[in-house]
Amino acid sequence: MNCMPSKNIWIRRQQCPCGDWKCYVTYEGDSEETSLAAQLVKNDTSTSEAMVSPYVGMVFKSDDDAFEYYGNFARKNGFSIRKERSRLSPQLGIYKRDFVCYRSGFAPAKKKPTGEHHRDRKSVRCGCDAKMYLSKEVVDGVSQWFVVQFSNVHNHELLEDDQVRLLPAYRKIQEADQQRILLLSKAGFPIHRIVKVLELEKGIQGGQLPFLERDVRNFVQNRKKVVQENDALITEKRENDTLELLEACKVTKEADEDFVYDFTVDENDKVEHIAWSYGDSVHAYTMFGDAVYFDTMYQSITYGMLFGAWLGIDNHGRTIFFGCVLLQDETPRSFSWALQTFVRFMRGRWPQTIITDLDPGLRDAITSELPNTKHVISLWNILPKVSSWFSVSLGSRYAEFKSELDVLYRVESTEDFELQWNQMNLIYDLSTDKHIALLHSFRASWALCYMRGCFVARMATTDYSKSIEAFLKGVFSTQTCLRSFFEQVGISANFQNQARREMQYMHTKTCIPIEEHARSILTPFAFNALQHELVLAMQYAVSEMPNGSCIVRHFKEIDGERLMIWIPEDEQIHCSCKEFESSGLLCRHSLRVFIVKNYFQLPDKYYLNRWRRESSLDFYDPHITQNSDDQWYQDYQCLAETLFTDSSITKERSEYVQREVTTHLTRILNEVRNMPESEGVAMDLTFSPAG
């Protein structure tokens, strides 16, 4: 069964987690999802000087390109254009196009009906002769459009920038704004109030929206006429697409026994929620499932469905895919089903830590379904909401408020946090603010004093957030039906999980034996992180105390001091910063103590398996590794891994191995192909990554 392509747009969730349906969250950089006002201003200032006036003989690939170019030129020069005449021939199709100024020609005379009041609306047309005529010619089998006439002489005044944007040709309501307008309209907001709300949410002055109040009124009136019909069509399409998605899951399961999926149906026996994962994702989870990021930021405008993706990080710092879910709503019950299903997919193993967006319903589900899992909300999930909540209301004081919030985030003790939190609320008069109350209710999941030592595997970083965004863009690159979306998820997930790491060599920076030893054990990603701490460790001094513990201080006291507990009989070290408990890599303070105590190698316990070179997904194939007859392949895999490890120490080694391996493997391959084929049953050595 083939799906018919249709527009299915995924956008960031814009409903505020405070629960107030009138509250709306905008995200920096999402101009195409909110308003193009800022982008239009940017285009005006950046390209006005570089815009070349059209001229006779100018060539375009298509008439659409020519119309777009002339339209941009018109906007920069204070007018708009429209399509006038076109001429058609059997051989060339449309071969002439006339584009004219919006005030070209004259309005046709209209007969006024007798006995009725008729509004005499004045026409803007005044016979302007500004124009651009094009003709199509075929040159070497390629169609091209040439400008054959051009005039930029107008018989009317041209408009200023703040006026030209209000011409009908340039007034557009973007899709995300349409959704917001309809929501406010259904709630009973009058049109003028809707416009005011949009201006406040976008933080712009009155009258600066890229559309007028009457555009909003016309949009609402037109939409009301078709909304019931559209809702019925969308409901039918959603049901059909969901059934097709379910069928695709069944087909995939028949072809790949390691693929897993599950779904629920509602009281009308309609598919409600559906989740799925792949065999290699389940295997990756056994190795790197200690910390999981559950992304629920995107929803479908068309279907109102929420997309959730379970993601992780491997020993090379790459984003890996564990599974995903489509939910019909955002209730705690739906989130609970999603979490139950995910744990079942992962063979009953729950993560140590789950990182999510700020969502009360999701928090309740995690508390219920994953009671032994630490819930973390990364700062990069909170900051966009903080900007939406407070940037307008606090105005010029917002920058100062944001700085104080950052200080609060890093406060050492919970007592100091509560004290400074209350002081901040008094200073900015936020004691009764619902968003401040929401942030405070989640403090145990985002403030460092509450979650220090919680294992996040270096996932609560800006770099990791960018990696997730890149993955999701790959998933949402298609805007067709759910079956195509399912296929795109499989492609993106397989690309992430099967990506081969590049050969890298790692320089030493300190000449300390600990560094040399770590380089032979850790992946380049983990080694670079440890090396950074090792370099900074040189800036700290160690003072031993009578009870055997140590105080580590920075020579400029920028970092304050850290208490170190040293247990020599077990070679255990504990730092009050708890970096090892958080990332699985030792901090600068602990490394300084090991250096002072003349350690040439770190104890093996401080090289977690998840960061070691041998903990790799690169050569995994469950069908091969489960077959005892394929011991030779396992030996080859071990040899290849050892070769990779030893050759990545220096650039000279890595270049030598790349050159020699290519040469010798090519020779061996040619010799094998020249050998006679065996009459026995060939061994199945086909790589078969699930998905």
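Which strands does helix α21 lie across, and at what angle does the helix run to β14? Helix α21 (residues 588–596) lies across β14, β15, β16 (561–567) and β17, and runs at about 65° to β14. The model is predicted: local features need pLDDT of at least 70, side-chain atom pairs count only at pLDDT 80 or more, and totals for chains, interfaces and linings use all residues. Residues are numbered from 1 along each chain as its sequence is written, and side-chain values use heavy atoms, with hydrogens and water left out.

**Sheet**
- An open sheet is formed by four strands in the order β14-β15-β16-β17, with antiparallel pairing (strands pair if DSSP finds at least two bridges between them; helices are DSSP runs of H or I with at least four residues, and strands are runs of E with at least two, numbered from the N terminus).
- Its edge strands, each pairing on one side only, are β14 (540–544) and β17 (572–575).
- Five antiparallel bridges pair β14 with β15 (residues 550–554), and V552 in β15 is the bridge partner of V542.

**Charges over rings**
- R75 lies over the face of Y170, 4.7 Å from the ring centre (NZ of Lys or CZ of Arg within 6 Å of the ring centre and within 35 degrees of the ring normal).
- K83 lies over the face of F67, at 5.0 Å from the ring centre.

**Burial**
- Y278 and F321 are both buried (buried is under 20% relative accessible area, exposed over 50%, partly exposed in between, with a 1.4 Å probe and protein chains only).
- W611 has 0% relative accessibility and therefore counts as buried, whereas F525, at 28%, counts as partly exposed.

Technical notes:
Contact = heavy atoms within 4.5 Å. Axes fitted to C-alpha atoms, helices over the stretch in contact; angles between N-to-C directions.
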